[in-house]
Amino acid sequence: MPKRILGLVILSLSIIALFANLRASLRADPEPVRTPLDATFKQIVLDAPPLEAAGQIMVSAGDFLPLAGGSADWYQGRGVLRGNVSAAIIVGSREATVAGKPRRLAAAPFLVGDKLYIPLQLALEVLGTPAGGGGNGNTGNGTAGSGAGISSGRNASGAGSTGSGSNAASDARKGPGAGSTGAARDGPGPDTFPGERGPGTTLAAGRAIVPGAASVIVPGGEGGTGSGPQSFDLSLPPIQASSGFHFRYHPVYDIQARYDPDGGVIQGELLLAYQNPYPTPLRRLYFNLPANAPFGNGAATTVTRVVVNNRPVAVRLQDGQLEVSLPRVLAPRETLSLALSFKTTVPPGNTRLGRAGDLSQVAGWYPILAPGNGDTRAGVAGTPYGDPYFADAAYYRVRLSLPPGYQVLASSRLTGRQERGEWTVWSFNSEQPVREFAFTAAPDWRFTTCQAGAVQLVAADRGEAAGAALEVASQALEFFQEIYGPYPYSYLHLAFVPLDNLAGMEYPGLILLSNRKPYSPAVVIHEIAHQWWYNLVGNDTRQAAWIDEGLAEYSTLLFYRRYDPGLYQAKLAEITRLAAGSSDPINLPLEEYGSEQAYRRAVYNRGAAFWLSLESAAGEEPLRKALAFVQSYYRYEIVPPRSLLIALTYYGKIDSNIFSPFLRNN
């Protein structure tokens, strides 16, 4: 009898476990489909970045070959590459054996940390693709704002058709946001900022853009990397990998919103054109709602309607993130349109999303696509300090309606202003991809303008030092373009606003300067540097703030080193003193610092000390070339920390052990 009971118990438990596993498997996502894709080298961005040697593009064998079913093994300087044919190579030697025959390579393989780099042509030959497939030629100068050669048929203005695989993005876009947005105006005649007191400057229409274009950059173009390799638009074998790279396709946000400053309410409609940039199908999209973070001070965003390809879809809100289930799987390179309605409360307060009297600063106010982060999508941190969210770059077209009398300065170019009854509609266009769209509004702004090359600078103030800020900003803009590469927008805006606990805050093409603190030129320079390190090249600000904040501080030091050696020494001494007060690794997640003071000392001051130590080991010029390369290859992308360290190790010719005193789990 006990044996029968025991047997029934075991059987019952087995049945329960079977049904539990079956239910879990039905609820879980199926394994990603490994879809073969035809592509060219210029259409993809690799997690392990391509480098250059002897005028050749070099790729990481262990990362690149498996994309098409090949493999690479190496030990003590000797390696074997396998694919359609096999090859034996020696690190540091141009002598190799390919398909059993001796071969002299165009460039010798080399190691960067644990990455074996080989010539791209050799990799393609091993995989069975002719080295000249797809045509060859230089990258050219690319677009006016590329910072490097851009392929895929884009012309010098950034307009024109995109390369293979990206036309679906523009063809499938219907309604607002479709086609070239930059040249259109909503109102008659040229627009100028009301009340401007600088030289009379007309705000011309933005350059035409192609939404969703594949702005692909390969190493060795312009942007400060020096003479580099020729770019061969080589056809790749059908790609089979499920991770390790993505296609360079930028989403397009078309936002129409009405903001009532008195009530602190934004009612908005967002139309998103999105092309799957990953080599695996997508079943969901995720949106971050920054206003709903714990630090929001009463801010909130609610989403009331989501439609994908004209079909209502189910959504789920969890931990400040909106999960959107797609009506069907979105294949690689396939495009969808998504429309949603949202409402955001802008609370009183001197915060990044807040209003003080009749002045509002508005950031993180709409649902924004959550960037990929391995197998998940990055959410919003819960800290009141730091930058708790980050975003992929995208094109923006925004129309904001505000009561008459209000004036708006935003992180895009003003392309139109039109009176419509009881509202004034302000139209903006980003021209090129940007990380996000923020704006500030007040009824009595005074605008001061100046021109810095092709860039129009506009400062909005109500009695603050606008002229001095513009002078410093213009000089910093010129300096950072010289060392990091071109600034690709025709606008740069500064606004003095009430910010508590912050001296300044950066947004794409828009810098907020706190009028609650004494004016500091160093803050302006720091925020200008963020236009390169945060916007043009992004990073995970929750896990790797040492990249953008440390580089912004280091860049400020470089500026003063050239233009004011006395201030350079003073600021260097201050950073050194504050960095000595922290032993925390600079790459902790925001939450682990525990306080704003600990965060700032580690990320800002020790972060700057990190870059100074690299400069001491590598030399100022090699470090500059490494950073210019990163700006070239990762422009409009998010740089993974390990990929950044690969570039620093290679171009700086330094031992990777130098990173250990600063980084945890390097």
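Predicted model: local features only at pLDDT ≥ 70, side-chain atom pairs only at ≥ 80, totals over all residues.
Strand β28 spans residues 423-429, and because seven of its seven residues are buried, the strand is largely enclosed by the rest of the structure.

Two strands were found to pair with β28. Strand β25, residues 395-402, is joined to β28 by six bridges, and the two run antiparallel. Within this pairing, Ser401 is placed opposite Val425 of β28. Strand β27, residues 413-420, is also antiparallel to β28 and is joined to it by seven bridges. Here Glu419 stands opposite Thr424. Strands β27 and β28 form a hairpin with two residues between the strands, in which Gly421 adopts a positive phi near 65 degrees.

The chain as a whole contains twelve helices and 36 strands. Of its 666 residues, 57% are buried. Considering contacts between residues at least 6 apart in sequence, 72% join residues at least 24 apart.

A further sheet is open and consists of four strands in the order β17-β18-β14-β22, with antiparallel pairing. Its edges are formed by β17 (315-318) and β22 (368-369); each has a single partner strand, so one side of each is left without a neighbour in the sheet.

Helix packing was examined for α10 (residues 596-618) and α12 (residues 641-652), whose axes come within 10 Å and cross at roughly 30 degrees. Because angles under 35 degrees count as roughly parallel, α10 is roughly parallel to α12. The crossing of these two helices is right-handed. On the α10 side, the contact involves Phe610, Trp611, Leu614 and Ala618, which meet Leu644, Leu645, Leu648 and Gly652 of α12. By class, the contact of α10 with α12 comprises seven nonpolar residues, one polar residue and no charged residues.

Ser60 belongs to strand β3, residues 56-60. With a relative accessible area of 3%, Ser60 is buried. When residues up to four places away in sequence are not counted, Ser60 touches Ala48, Leu65, Lys115, Leu116 and Tyr117.

Asp47, by comparison, is located in the loop between β1 (44-46) and β2 (51-53). Its relative accessibility is 40%, so Asp47 counts as partly exposed. Asp47 is in contact with Gly244, Phe245, Tyr634 and Ser643, leaving aside its neighbours within four places in sequence. The C-alpha atoms of Asp47 and Phe64 are 9.7 Å apart in space, and these residues are 17 residues apart in sequence.

How values were computed. Residues numbered from 1 in each chain as written. Heavy atoms only, no water. Axes fitted to C-alpha atoms, helices over the stretch in contact; angles between N-to-C directions. Parallel < 35°, antiparallel > 145°, perpendicular 65-115°, else oblique. Left-handed = near helix turned anticlockwise from the far one by under 90°. Contact = heavy atoms within 4.5 Å. Nonpolar A, V, L, I, M, F, W, Y, C, P; charged D, E, K, R; others polar. Buried < 20%, exposed > 50% of the residue type's maximum accessible area, 1.4 Å probe, protein only. Pairing = 2+ DSSP bridges.
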